[in-house]
Amino acid sequence: MNAPMARQRPLQRVTLIGFGAIGQSIFQRAAQAPGVQISHVVVPATGLAKAQARLGAAATACTAVPEDATLVLECAGHSALLQHVLPALQRGVECAVLSIGALAGPGLAEQLSDAAAQGGTQVHVLAGAMAGVDALAAARLAGLSEVCYTGRKPPSGWRDTPAEQVCDLDTITEATVLLDDTAREAAQRYPKNANVAATLSLAGLGLDATRVRLIADPAVSENIHHFVARGEFGEMELTLRGKPLADNPKTSALTVLSGLRFLHNRGAALTL
């Protein structure tokens, strides 16, 4: 008697919002994720022709999430959450978000949650460039008393940000503190650099109770994330030295891998 054939999982089509350095890296590597296919890429109208030329026949460039979309992965930046993710959630499209710093905006996290409830779907907040987020969220259930995060990057990682008003990034010779404040302030002032701080705060004590220090350090070549958490569970300390994305030193390569892991999990029968 022949063994029964394994049932093939249906192909999961994905709409990618954003085609910058992170989006392009995710798209190029998405073929490694079995069972999923990026079928559409949402870009501004001004970049539509250029994006389609790069995509070729592999996917369709568009200016809005298609009406028949079922799964969205966002990596376009903060404005994309309001313009594309919220409406998609409201009509029942499941979404995963990498621009976590945007949730520092007043009421935006609640808006996303309400939109998902309205559409009867889910919004996934991905860990991005930081490890230990699941452990921190678990520790919160017992009670947290303190969460402190320090983000340290080479000066090139702070170009075109308010850091240029704090110091001369081309001439500093020692580590320079750019900000020492709350996670909300960090995410609002450094939206392209402080996604990790926002992620940790949402998993832990919240945006206003999480302390953040951002540092430009000419002695380092990596993006170094460090946090300490204390509470009823005990004490947790973690340091991650992430290599920056080659095309965008403001972000970590691990951010791309976080998006890819989400796609892998959607196509896999077993997830870890």
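Student: Which element gives the most to the lining of the second largest pocket?
Tutor: That's α9, with seven residues. This is a predicted model, so local features need pLDDT of at least 70 and side-chain atom pairs count only at pLDDT 80 or more, while totals for chains, interfaces and linings use all residues. Residues are numbered from 1 along each chain as its sequence is written, and side-chain values use heavy atoms, without hydrogens and water.

Student: What counts as a pocket, and as lining?
Tutor: On a 1 Å grid over the protein atoms alone, a pocket is an open set of points where a 1.4 Å probe fits, with protein on both sides within 12 Å along at least five of seven lines; lining residues have an atom within 4 Å of a point.

Student: Which residues lie nearest the centre of the second largest pocket?
Tutor: Val125, Leu126, Ala127, Ser258 and Arg261, out of 21 lining residues. Elements giving two or more residues there are β6 (123-125), α5 (133-140), α8 and α9 (253-267).

Student: OK, now the largest pocket. Which residues lie nearest its centre?
Tutor: Ile22, Cys75, Ala76, Gly77 and Ser99, and 39 residues line the largest pocket. Two or more lining residues come from each of α1 (21-29), α3 (78-90), α8 (195-203), β10 (223-231) and β13 (248-252).

Student: Which one gives the largest share?
Tutor: α3 does, with five residues. Helices here are DSSP runs of H or I, at least four residues, and strands are runs of E, at least two, numbered from the N terminus.
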